[in-house]
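Dear colleague,

Please find below the structure that I am handing over to you. My notes on it follow directly after.

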Amino acid sequence: MIGYGPEKDNFVLELTYNYGIDSYEFGNDLQYIALHNPSALTRATHFGYTVNDDIIIGPDNYKYKILPSIIGRAEYFVAVALRSSNLIESEKYWSELLGMKSLQLHSYLNISEEIGKTITLGYSSEEVVLHFIQFNDNQPVNHALSGGRIAFACKSVPEIFEKVTVAGKIVQTPPLTLSTPGKADVVVTILVDPDGYEICYVEDIAFYELATPKYDVIDWNYRGQKGGDGVPLQRGRQEPVESNESKVEGDGKIHIVESTEVFEEHLLHSDHTYIADFNASWCKNCKKIHPILQSLAEQYSSKITILDIDIDDNEELAENHGVTSIPRLIAYRNGIKIDDYLGSNPEEVSQFFQRNVST
């Protein structure tokens with residue numbers, strides 16, 4: 001979460017990185033996020049971001065429209081601009097069904113009639129609003145592979161769910177409770193508007209409790225053991241292979257490699273089959289297949305040896321072997337790559353091992 005203050009009093013953006021996805025396909029749905037912070041234009045130019053008039057294009061190609069300072073407004077964010085295929089239907093859904101008001105907002109957001117027409121909806125003019133634009137090109141809303149989700153805090157999720165259900169509109173996720181050990185249980189529901197925008201409503205009291213930082217009760221020693229605050233992450237695997245160690249072929253273990261020299265020493269001087277497991281401590285799919293690899297290491301101990309390579313610890317090694325996505329398994333014999341697999345499907349991982357045992 002990132003914003004100008006806690007979620008209870010500020011609009012925030014939730015930034016999500018999805019492991020294993022190298023790129024996104026942008027649609028035409030999100031037009032821009034507007035905020036009044038003129039100095040951002042100067043900073044963006046200084047740091048090398050693309051600036052087109054009053055639009056800053058961020059590192060992931062999201063657009064931020066910078067407005068002049070609005071005197072008396074505490075919230076920096078002003079509006080989220082979205083394409084609408086039909087303003088009448090958008091207003092009917094968001095206003096009549098979800099209870100938003102039609103608002104007269106700042107002239108800075110107006111567009112010419114030659115481009116299209118707009119409507120601004122929100123719960124309050126002091127909060128961030130939705131600025132819907134129906135362009136004259138009449139293109140349908142396309143979310144492609146990068147569409148996000150709009151989230152609101154509310155008093156009661158079941159009441160909203162019931163209204164939407166009675167109206168016969170789409171409910172993607174009926175009300176459910178998300179439990180967080182030691183913290184509040186949060187009730188959420190996810191709806192879908194006529195243009196396919198996903199809308200999440202979360203009950204406010206529990207959400208604000210969950211979102212409140214508790215810096216005063218952090219156990220720093222425990223946090224350090226989890227890999228934060230400069231303390232190395234305890235991965236719980238085999239001890240690192242030393243360069244002067246005797247060959248590890250056939251011992252049925254997974255061996256962590258911590259240098260290019262150690263890796264090449266094993267590969268170049270043996271006709272034994274080695275499988276390099278390129279992974280990272282933050283990769284969920286890598287953790288998913290690790291127990292499978294342990295089992296296969298034991299099963300094929302006399303024929304295959306697995307070398308564990310954390311790409312964060314061995315960036316040069318990963319780059320030299322063309323590893324750009326993980327989990328990645330590469331089989332070697334006599335120092336030559338004989339097979340390659342990218343993914344985390346258990347059955348395919350097993351087939352990869354069987355294939356290289358028989359060759």
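Is Arg 83 buried or exposed? Arg 83 is buried, its relative accessible area being 6%; buried means under 20% relative accessible area, exposed over 50%, and partly exposed in between, with a 1.4 Å probe and protein chains only.

Before the details, a word on the basis. This is a predicted model, in which local features need pLDDT of at least 70 and side-chain atom pairs count only at pLDDT 80 or more, while totals for chains, interfaces and linings use all residues. Residues are numbered from 1 along each chain as its sequence is written, and side-chain values use heavy atoms, with hydrogens and water left out.

Salt bridges

The whole structure contains eight salt bridges, each defined as a side-chain nitrogen of Lys or Arg within 4 Å of a carboxyl oxygen of Asp or Glu. In one of them, the side chain of Arg 83 meets that of Asp 137, at 3.0 Å from N to O. Because Arg 83 belongs to strand β7 and Asp 137 to the loop between β10 and β11, this pair ties together parts that are 54 residues apart in sequence. Helices (H or I, at least four residues) and strands (E, at least two) are DSSP runs, numbered from the N terminus. Asp 137 is partly exposed, at 39% relative accessible area.

Asp 339 and Arg 355 also form a salt bridge, at 2.6 Å from N to O. Asp 339 is in strand β19 (residues 336-342) and Arg 355 in helix α9 (residues 346-358), so parts 16 residues apart in sequence are tied together. Asp 339 is buried, at 16%, and Arg 355 is partly exposed, at 37%.

An open sheet of eight strands has the order β4-β5-β6-β3-β7-β10-β9-β8, with mixed pairing; two strands pair if DSSP finds at least two bridges between them. Its edge strands, β4 and β8 (101-102), each pair on one side only. Strands β3 (residues 30-36) and β7 (residues 77-83) run antiparallel and are joined by five bridges; Leu 30 has Leu 82 as its bridge partner in β7.

Within helix α2, Glu 89 and Lys 92 are three residues apart, about one turn of the helix. These two residues form a salt bridge, their closest N and O atoms being 3.7 Å apart.

Nonpolar cores

A nonpolar core is a set of buried Ala, Val, Leu, Ile, Met, Phe, Trp, Tyr and Cys residues joined through side-chain atoms within 4.5 Å. The largest has 33 residues, of which Trp 94, Leu 98, Leu 130 and Tyr 201 touch the most other members. Helix α2 (residues 87-97) supplies the largest share of this core, four residues. Apart from it lies another core, of 19 residues, including Phe 263 and Ile 326.

Backbone features

Ile 326 is joined to Pro 327 by a cis peptide bond, with omega about 0°. Pro 327 is in the loop between α8 (315-320) and β18 (328-333).

Asp 53, although not a glycine, has a positive phi of about 60°. Asp 53 lies in the loop between β4 (50-52) and β5 (55-57) and is exposed, at 74% relative accessible area. Asn 138 likewise has a positive phi, near 60°, and is exposed at 63% relative accessibility.

With kind regards
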